[in-house]
Amino acid sequence: LIRKGAMARLLRDNAVVHEGRLTSLRRFTDDVEEVREGQECGISLERYSDVKEGDVIEAFEKKKV
């Protein structure tokens, strides 16, 4: 499950290239709040647009413990 507004890091060749929030999450042409595993979606990252083929996006939530 991935949620709009979650934190994400972009990995390229196993190195962190960018870390920030997911600013947009789309399923087909609809803006959605969450997308479940196995479904295709479009993602926009905060202040970053240089995503390339083979990059890996890890989404996570920070919780205060």
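Visitor: How much accessible surface does the protein chain have, and what share belongs to carbon and sulfur atoms?

Guide: Accessible areas come from the Shrake-Rupley method with a 1.4 Å probe, and for residues only the protein chains shown count as cover. Here the accessible surface of the protein chain is about 5,100 Å², with 44% belonging to carbon and sulfur atoms. Please note that this is a predicted model, in which local features need pLDDT of at least 70 and side-chain atom pairs count only at pLDDT 80 or more, while totals for chains, interfaces and linings use all residues. Residues are numbered from 1 along each chain as its sequence is written, and side-chain values use heavy atoms, with hydrogens and water left out.

Visitor: Which secondary structure elements does the protein chain contain?

Guide: Helices (H or I, at least four residues) and strands (E, at least two) are DSSP runs, numbered from the N terminus. The protein chain has zero helices and seven strands, and its pattern along the sequence reads β-β-β-β-β-β-β. The radius of gyration is 12 Å, close to the 11 Å that the globule rule gives for 65 residues, so the chain is as compact as a globular protein of that length. That radius is taken over C-alpha atoms, and the globule rule is 2.2 Å times the number of residues to the power 0.38. Along the principal axes, the C-alpha atoms fill a box of roughly 35 × 30 × 25 Å.

Visitor: In what sense do E2 and E3 pair, and over how many bridges?

Guide: Two strands pair if DSSP finds at least two bridges between them. E2 and E3 pair in the antiparallel sense over six bridges, and Leu 10 stands opposite His 18 in E3. These two strands form a hairpin with two residues between them, and Asp 13 in the turn has a positive phi of about 55 degrees. On E2 there is also a pairing with strand E7 (residues 56-60), antiparallel and joined by five bridges; Ala 8 stands opposite Ala 59 in E7.

Visitor: Which bridge partner does Leu 25 have in E6?

Guide: The partner of Leu 25 in E6 is Ile 43. E3 and E6 pair in the antiparallel sense over four bridges. E3 is also joined to strand E4 (residues 30-31) by two bridges, again running antiparallel, with Arg 26 opposite Asp 31 in E4. E3 and E4 form a hairpin with two residues between them, where Phe 28 in the turn has a positive phi of about 60 degrees.

Visitor: Which residues make up the largest nonpolar core?

Guide: A nonpolar core is a set of buried Ala, Val, Leu, Ile, Met, Phe, Trp, Tyr and Cys residues joined through side-chain atoms within 4.5 Å. Buried means under 20% relative accessible area, exposed over 50%, and partly exposed in between (1.4 Å probe, protein chains only). The largest core has eight residues: Ile 2, Ala 6, Ala 8, Leu 10, Leu 22, Leu 25, Val 35 and Leu 45. Strand E2 (7-12) and strand E3 (15-27) are the elements that give two or more residues to this core. In the protein chain, buried residues make up 23% of the 65 residues.

Visitor: Which residues does Leu 22 touch?

Guide: Contact means heavy atoms within 4.5 Å. Not counting residues up to four places away in sequence, Leu 22 touches Ile 2, Arg 3, Lys 4, Gly 5, Ala 6, Ala 8, Ile 43, Ser 44, Leu 45 and Ala 59. Among contacts between residues at least 6 apart in sequence, 50% join residues at least 24 apart.

Visitor: Is His 18 buried or exposed?

Guide: His 18, placed in strand E3, is buried because its relative accessible area is 14%. The side chain of His 18 reaches the backbone oxygen of Glu 46 at 3.0 Å.

Visitor: Is Gly 38 buried or exposed?

Guide: Gly 38 lies in the loop between strand E5 (34-35) and strand E6 (42-45), and counts as exposed because its relative accessibility is 79%. Arg 36 lies in the loop between E5 and E6, and at 52% relative accessibility Arg 36 counts as exposed. Arg 36 and Ile 2 are 34 residues apart in sequence and 6.5 Å apart in space, C-alpha to C-alpha.

Notes:
Polar contact = N/O pair within 3.5 Å; in protein donor to acceptor, adjacent residues only side chain to side chain.
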